Amino acid sequence: MLLMPTDVTEAIDAVVAAVEMLQALETENARRLASEQERVEIGVGIHTGATESWDPGNAAWVEEVRAGSVVSVSAAVEALTRRYGVSLLMSDPTMRSLTAPLDYSMRLIDRVRFDDAGNPLAVFEVVDGDPRPLLEKKVITAPIFEDALAQYFSRNFHTKFFSSLFHLRSCRN
């Protein structure tokens with residue numbers, strides 16, 4: 001987990017760093033595949049907010065402790081990358097912190113409740129770091145995906161919409 005100082009560029013820096021990490025990993029994976037090694041896959045979750053920190057008072061500890069709901073939600077957003085089978089997710093507060101969100105190819109993935117009392121938080125996939133063929137498929141199929149997601153959120157589970165999604169999922173690799 002990476003904790004960054006709070007300033008105007010925090011969200012931008014985090015998203016740019018994540019996209020660059022994924023692009024570098026794709027280059028490394030091409031090298032690995034050429035030498036008959038397995039691909040390495042990672043999931044990056046980004047959530048923006050203030051954290052509380054304190055010195056635990058033990059001289060043997062050289063780092064400060066960070067706690068709070070922001071850290072918990074950050075870890076949960078990262079864990080959602082595995083659930084949804086995507087490489088990069090960001091929360092709504094991060095998306096709203098971007099000065100130019102349209103500079104990124106992203107799509108709403110879900111609205112997730114991270115605790116019993118809280119409101120659902122929108123979670124977005126940023127596809128800019130995906131391998132080119134996968135990124136192109138996601139861009140081309142965006143209208144179908146958005147329609148199906150709207151149907152899902154309205155609890156209108158028509159087979160026609162969801163069979164399209166199942167087909168797209170099978171085309172992922």
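The paragraphs below lead from the overall fold of this predicted model to its helices, loops and surface.

Since the model is predicted, local features are given for pLDDT of at least 70 and side-chain atom pairs count only at pLDDT 80 or more, while totals for chains, interfaces and linings use all residues. Residues are numbered from 1 along each chain as its sequence is written, and side-chain values use heavy atoms, with hydrogens and water left out.

The protein contains six helices and six strands. Both kinds of element are DSSP runs numbered from the N terminus, helices being H or I with at least four residues and strands E with at least two. Their order from the N terminus is α-β-β-β-α-β-α-β-β-α-α-α. Of the 173 residues, 34% are buried; buried means under 20% relative accessible area, exposed means over 50%, and partly exposed lies in between, with a 1.4 Å probe and protein chains only. Among contacts with a separation of 6 or more, 54% join residues 24 or more positions apart, a contact being heavy atoms within 4.5 Å. The accessible surface is about 11,100 Å², and carbon and sulfur atoms hold 54% of this area. Such areas come from the Shrake-Rupley method with a 1.4 Å probe, and for residues only the protein chains shown count as cover.

The loop between helix H1 (10-34) and strand E1 (44-46) includes Ile-42. Glu-36 is in the loop between H1 and E1 too. Glu-36 is not a glycine, yet it has a positive phi of about 60 degrees. With a relative accessible area of 76%, Glu-36 is exposed, whereas Ile-42, at 32%, is partly exposed. Ile-42 also belongs to a nonpolar surface patch with Met-21 and Val-40, and together they have about 220 Å² of accessible area. Patches take residues with over 30% relative accessible area and no salt bridge, joining like charges within 9 Å and nonpolar side chains (Val, Leu, Ile, Met, Phe, Trp, Tyr) within 5 Å. A salt bridge is a side-chain nitrogen of Lys or Arg within 4 Å of a carboxyl oxygen of Asp or Glu.

Helix H2 covers residues 69-84, and its 16 residues should span 22 Å at 1.5 Å a residue; the end C-alpha atoms are 22 Å apart, which agrees. The expected span is 1.5 Å times one less than the number of residues. Buried residues of H2 include Val-70, Val-73, Val-77 and Leu-80. Just after H2 comes Gly-85, with a positive phi of about 65 degrees. Val-73 also lies 9.2 Å from Asp-115, C-alpha to C-alpha, although the two are 42 residues apart in sequence. Asp-115 sits in the loop between strand E5 (106-112) and strand E6 (121-126) and is partly exposed, at 44% relative accessible area.

Helix H5 (residues 142-153) has 12 residues that should span 16 Å, and its end C-alpha atoms are 16 Å apart, in agreement. Ala-142, Phe-145, Ala-148, Leu-149 and Gln-151 are its buried residues. After H5 comes Arg-155, with a positive phi near 60 degrees.

The structure has one aromatic pair. The ring centres of Tyr-152 and Phe-153 are 5.8 Å apart and their planes are at 55 degrees, so the pair is tilted. Rings of Phe, Tyr and Trp (its six-membered ring) pair if their centres lie within 6.5 Å; planes under 30 degrees apart count as stacked, over 60 as edge-to-face and the rest as tilted. Tyr-152 is partly exposed at 35% relative accessibility, and Phe-153 is partly exposed at 24%.
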